[in-house]
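Visitor: Hi! Could you walk me through this one while I have it open?
Guide: Happy to, here it comes.

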Amino acid sequence: MRPLIINRHSLRWTLGEHGRYVPTQPDHRALLTRTFGGGLEGYRSADFPDVTICDMTRKGHLERVAKWLIESRQLTHVVALHEKDMILAATLRERYALPGMTVDETLPFRDKVHMKDGLVAAGYKNVPAYLPVTTAPAHPLPWSGRTVVKSRWGLGASEVRVVDDPADIAAAIEELHADPATLEVEQFVDGAMYHCDSVVYDGEVLFVSVGEYLQPPGKFASERYQGSVIVGTGPARDLLVEHNAKVLRALGLEAAVTHAEFFLTPAGEVVFCEVAARPGGGGLSEIIRFTYGVDIVESAVHLQLGLTPNLARAPGRDGGSDVYGVLGIFQHVLVEDLRDFLTRQVAGIMSYDFMRPEVPGRVRHATDYGHKLILRASSRAEFDERLTQILTLLDDRCSERS
Amino acid sequence: MSLVVLGPSANMTRAAHNLETDLIIVQPPGASKAEFVRPERDELYTVDYVDADELASFARVLRSRGDVAGVVSTTERGLEPAGRLVEDLGVAGTALQTVMASRDKRLMRQLLARHAPDLTVPCASASDHDAVADLLGRGARAIFKPAFGTGSAGVQTVSTIADLERIPAQAREEGLVEAFMSGVEVTVETLSSAGRHAILGVAEKWITDNFVEVGHVMPPPSLSPAQLERVGTAVSRLLDVIGLTDGVACTEVMVEGNDVKIVETHNRLGGDGVADLVHATTGVDWRLTSLGWPVGELPERGRCRADAAAMVFFVADEGVVASVLGQAPELADVTFELWAPSVEVGDTVGRLRSSDDRLGAARLVGPDPHTCAKALEHVLSLKAVKTVRA
């Protein structure tokens with residue numbers, strides 16, 4: 001096995017300490033990474049002697065470099081966990097006849113119109129009304145109420161606008177600075193947002209974790225924090241698990257780690273939002289590992305390498321009574337290491353990471369955190385209490401600093 | 001605009017960070033330069049660039065970028081690949097033909113014999129016994145050297161055909177035998193621009209009996225101003241002969257009376273910390289100059305630290321290290337800027353065969369070359385690293 005690993009995340013997150021997620025000798029793995037976003041975090045040349053660091057903002061260049069690596073090293077697999085690289089990885093696999101997800105198999109997990117088309121075609125009913133912008137009549141839309149304008153290819157809720165009046169769609173499109181052909185409009189769904197993180201192998205969902213977002217991801221630009229808490233039991237969980245399985249089956253997924261998002265309306269109805277064939281970011285993999293002892297990132301890498309995922313749950317981590325959640329405080333809120341300040345006063349903080357902003361200014365996407373905390377509580381009520389306690393302390397600190 | 005830098009050392013990479021141009025650092029397999037990449041600016045590629053096919057395939061990646069302005073190598077190993085990339089991409093740098101004329105000592109001697117015969121010495125292919133016998137018949141001894149050698153590796157005296165035959169056949173195939181040159185050997189650092197050659201520094205060498213360099217003093221204490229001028233003229237003529245019109249070069253010449261003979265030349269800066277001697281005595285950041293010239297980034301001349309400077313290398317007899325002088329000695333009139341033995345007590349020391357077998361270095365600056373030379377001799381006599389027989 002000689003994989004190409006295309007990495008845009010923190011290197012340690014993507015491949016584990018010293019690249020342990022890729023079980024091959026170090027000089028048999030070609031790492032293509034960047035400096036931004038921790039792309040070299042924990043890097044040691046002994047782990048990745050064959051390293052390429054390139055400008056990933058230039059799509060054509062990235063593709064040429066990836067092709068050069070595959071051809072010159074005769075690589076056998078492509079591993080890519082970032083949403084932006086999923087189609088590139090699939091394209092490379094097809095071009096070089098490598099195993100793994102093809103472009104046709106990947107598209108339903110990237111293009112938000114394509115994925116909803118696929119679900120509707122497969123008879124899955126709980127899809128909000130939607131239209132590609134290019135075919136949407138300016139007025140009237142076939143739904144009433146608010147409308148979401150978003151990128152078909154967006155990630156991290158970064159290219160989303162909500163308008164009250166269809167007449168405002170044009171302004172929203174302009175604000176997004178996007179080619180209309182890359183956008184869709186869909187009916188706004190009111191409800192709490194949940195995510196299902198799964199490991200799929202041989203077309204079967206072997207593992208699923210359900211979490212509830214602390215805030216709707218689309219509101220990141222006007223909020224101070226985001227995050228998620230694991231929903232270990234209950235009817236909502238059962239319902240979401242059922243819908244998640246239906247969605248993944250409808251889209252014909254064979255083997256991947258997935259991150260699907262759903263709304264749960266006040267009436268108790270589940271409505272599909274979107275799904276990706278990669279692990280969720282923003283600390284979700286950590287709270288899943290804390291809860292179940294399952295490493296979905298490692299599983300994602302293994303599945304892309306054609307290996308069987310390791311889903312053995314760590315002893316005592318069976319999604320039992322403890323509740324784990326992640327709280328991400330956006331970078332612009334306060335640029336200051338709060339480790340001592342918070343851990344001294346709040347119980348249950350399992351980990352705290354302070355990320356100094358690489359790009360100063362406003363938050364860019366739903367997981368553009370400056371502070372990431374993993375919180376543990378004995379119940380959801382206690383978790384919410386601790387969350388409130390942290391947010392109050394944060395308010396106090398911000399007031400002091402201002 | 002980007003500059004491709006092949007195989008830079010850690011020192012060179014640090015120097016390159018002062019360039020405004022973005023860097024494309026190309027490291028050979030086994031190197032580790034990722035930590036030196038400037039975030040959001042530089043790129044890094046791992047390429048076995050001495051392999052022609054790999055280099056050609058990598059050149060296609062570079063060509064597609066469309067922003068490569070120059071290619072430079074700071075090590076001998078990368079000079080030829082850099083020349084190939086310069087030709088392939090049509091960008092600034094030293095052309096392959098010029099690189100080959102300096103890398104291949106046989107070719108350099110042929111060119112000199114044709115265009116500047118007074119600057120060369122008789123030589124013969126080491127595989128041509130008759131020619132070597134003829135050469136030996138004209139002088140008491142000759143020097144065998146690998147045609148593409150560096151760092152004194154493989155250089156040895158040959159007095160008879162029997163001496164030659166003791167050299168492995170493969171090495172003989174790839175070597176040449178030159179008439180022995182006596183005199184004072186100096187290294188000349190030059191910067192050329194549109195065919196005009198500027199001398200940045202001349203350093204006199206201290207060499208062991210088996211041709212390993214153990215010291216450099218800049219300027220050379222043994223040369224008169226007139227001899228220095230002849231050295232400058234000779235080097236300029238050599239650079240014209242090999243077609244080096246732009247960039248840095250490091251040329252070694254032997255001076256005896258009015259006679260100046262070329263020993264060898266390279267289209268890169270000199271090794272052995274000579275760049276630091278240039279910086280100390282001229283204020284020119286020689287490393288940065290050697291990197292930035294293809295893209296027109298030449299650093300401004302800074303302050304001279306001294307009128308003279310020297311590098312001295314620690315050596316010891318074969319054995320086990322028994323003591324290491326950890327600090328520079330107190331010497332009147334000179335200042336030690338570096339004292340860095342590279343071995344510790346208990347380390348094994350092998351025979352001194354090439355520069356790689358040296359045991360660390362010291363750098364000092366002083367008011368004149370003679371004072372620096374005296375200090376250099378003193379350091380050598382101290383035996384900063386002492387060994388005992390294993």
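Visitor: Leaving aside neighbours within four places in sequence, which residues is B:His378 in contact with?
Guide: Those are B:Pro329 and B:Leu331, where contact means heavy atoms within 4.5 Å. This is a predicted model, in which local features need pLDDT of at least 70, side-chain atom pairs count only at pLDDT 80 or more, and totals for chains, interfaces and linings use all residues. Residues are numbered from 1 along each chain as its sequence is written, chains are lettered from A and ligands numbered from 1 in the order written, and side-chain values use heavy atoms, with hydrogens and water left out.

Visitor: Which helix is B:His378 in?
Guide: B:His378 belongs to α12 of chain B, residues 369-382. Helices here are DSSP runs of H or I with at least four residues, strands are E runs of at least two, and both are numbered from the N terminus.

Visitor: Does B:His378 count as buried, partly exposed or exposed, and why?
Guide: B:His378 counts as partly exposed because its relative accessibility is 31%. Buried means under 20% relative accessible area, exposed over 50%, and partly exposed in between, with a 1.4 Å probe and protein chains only.

Visitor: And A:His302, buried or exposed?
Guide: Buried, because its relative accessibility is 10%. A:His302 lies in α9 of chain A, residues 296-304, and its side chain reaches the backbone oxygen of A:Tyr21 at 3.0 Å.

Visitor: Switching topic: how many residues does each chain bring to the contact between them?
Guide: Chain B brings 18 residues and chain A brings 19.

Visitor: How many salt bridges are there between chain B and chain A?
Guide: The count is 0, taking a salt bridge as a side-chain nitrogen of Lys or Arg within 4 Å of a carboxyl oxygen of Asp or Glu.

Visitor: Which element gives the most to chain B's side?
Guide: That's α2(B), with 5 residues on the side of chain B that touches chain A.

Visitor: Last one: how far does helix α9 of chain B reach?
Guide: From first C-alpha to last, α9(B) reaches 26 Å over its 18 residues, 225-242, close to the 26 Å expected at 1.5 Å a residue. That expected span is 1.5 Å times one less than the number of residues.

Visitor: What comes just after α9(B)?
Guide: B:Gly243, which takes a positive phi of about 80°.

Notes: Polar contact = N/O pair within 3.5 Å; in protein donor to acceptor, adjacent residues only side chain to side chain.
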